[in-house]
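Thanks for coming, everyone. Let me put the structure up and walk you through it.

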Amino acid sequence: MAIRRESETVNNPKLISLMNIDFSQRVEALAPSVTLAIDAKAKEMKAAGIDVVGFGTGQPDFDTPDFIKDAAKKALDEGFTKYTAAAGIPELRQAIADKFKRENGLDYKASQIVASCGGKHSIYNVMMVLCEEGDEVIVPAPYWLSYPEIVKLAGATPVILETGDETDFKITPDQLREAITSKTRLFILNSPSNPTGAVYTPDEIKTLGDICVEKEVLILSDEIYEHLLYDGAVHKSVASFSQAHQDQTIIVHGLAKAWSMTGWRLGFIAAPEAIAKKIAAIQSHSTSNPTSFAQKGGVAALVEPMTHLAGWLEAFTERRAYACDKLSSIPGMSCYRSLGAFYLFPNISKFGLSSSEFCSRLLEEESVAAVPGLAFGADEYIRISYATSMEQIVKGLDRIEQFCCRQV
Ligand code: PLP
């Protein structure tokens, strides 16, 4: 019998803690998720019986619509529980291609679509396929916190373009032009944005897209909040301006936000076929297919009309208006009126605290969980998610007001 010493070690927690493990450079450079840390602390406090108000969440507080659940249940009952094609079932890839035609006026063949285990997984795949050491990826800040970490995991270097509320958190064409070098591989465009809720106008998107086409820089366009828009804001995909724009763009999307399917883990990309093929290849050696019966739910989500959305948008609109007005009325605080997603990103710089200090004291003193802007590359702000009930919003913002009044 072979001696299996390694499993003795691995199964013994005492030995593990004594081991001096050399981790890969890849993972050494990785910053742990601040949102998850805040969430863990808030959950701990809740479990201890404390009345915590959570503004940290990045998911709708609504349930997945029944017609989607029913489709997945039916798939389970019919035994649709085996491996599928790595890039997703043909039915789902076609439903995704049809969605892009119907909603965005974009022609994609099913072979240009890859379904993955969430939008995050799709972004990871894109980065693994396109980027390596020596490459630069342009990331406007405030950014969704996983972008720079995924860029680093691919061995590439994030190049951060700073913006603030004075420019509605949007980069200028000059900023993009100046940042592009011979090493630039990818430009990440996220509109509507997490964490700011900023939405670029179609003209602004076109200008940024034109620059990328001219300079031959690929665009990763993260459109996961496409359906969550307010005050007449419109979404226009950068891929939709011309064939050249489409050829230069990888659209990332997913079902997490507008269908409230965060736990289903279903996202997708649409890209030039050569890129889609490589992504499918990477996926075939990592996760394989997204969960079989979740894909059937995904087909229902994309094929059926989004009748659930109007009610959700009505609730988000009301909460956003209340929260934005309330935050703006707090002495010392100002709040950009976001146009998309379900986040507000108020400026806390007048209180003389870093965003981490602000949020950890807010949690300790007022039992309110918000996310420090530092996690998104913007230390003068905090992120408030209004994907929670109006009652919680009123209570939580009253507490934030009390906290702020003590600081001035
Ligand atoms: N992109 C943005 C901007 C996000 O905010 C998120 C989730 O918070 C994702 C992508 C990934 O979503 P998921 O992996 O849950 O589909």
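Start at P142, which sits in the loop between β3 (136-140) and α8 (146-153). Helices here are DSSP runs of H or I with at least four residues, strands are runs of E with at least two, and both are numbered from the N terminus. A cis peptide bond joins A141 to P142, with omega at about 0 degrees.

Before I go on, the ground rules. This is a predicted model, in which local features need pLDDT of at least 70, side-chain atom pairs count only at pLDDT 80 or more, and totals for chains, interfaces and linings use all residues. Residues are numbered from 1 along each chain as its sequence is written, and side-chain values use heavy atoms, with hydrogens and water left out.

Back to the loops. Another cis peptide bond links N194 and P195, and its omega is about 20 degrees. P195 belongs to the loop between β5 (184-190) and α10 (202-215).

Now for backbone angles. D168 is not a glycine, yet its phi is positive, near 55 degrees. Look for D168 in the loop between β4 (157-161) and α9 (173-179). E216 is also a non-glycine with positive phi, about 55 degrees. Its loop runs between α10 and β6 (218-222).

Are these two residues buried or exposed? D168 is partly exposed because its relative accessibility is 35%. E216 counts as exposed, at 65%. The cut-offs: buried is under 20% relative accessible area, exposed is over 50%, and partly exposed is in between, with a 1.4 Å probe and protein chains only.

Next, the domains. The assignment gives domain 1 (26-55 + 309-407) and domain 2 (82-303); such bounds come from an automatic or database domain assignment. Their C-alpha centres are 26 Å apart. In contact are 32 residues of domain 1 and 32 residues of domain 2. Contact means heavy atoms within 4.5 Å.

On to the inside. The largest nonpolar core has 67 residues, and F100, W259, L327, M333, F358 and I400 touch the most other members. A nonpolar core is a set of buried Ala, Val, Leu, Ile, Met, Phe, Trp, Tyr and Cys residues joined through side-chain atoms within 4.5 Å. Helix α14 (residues 309-329) gives the largest share of this core, seven residues. Where does the core lie relative to the domains? Domain 1 and domain 2 both contribute residues, so the core lies between them. A second, separate core has 39 residues, including I123, I250, I275 and A378. As a general point, nonpolar side chains in soluble globular proteins tend to be buried together.

Take F100 up close. Beyond its neighbours within four places in sequence, F100 contacts G105, L106, Y108, I113, I251, F268 and A270.

Last stop, T64. This residue lies in the loop between β1 (53-54) and α5 (66-77). What is its burial state? T64 is buried, because its relative accessible area is 8%. Leaving out residues up to four places away in sequence, T64 touches K69, W259, S260, M261 and W264. W259 is also one of the core residues I listed for touching the most other members. And T64 is 201 residues from R265 in sequence, with 13 Å between their C-alpha atoms.

That's the tour. Over to you.
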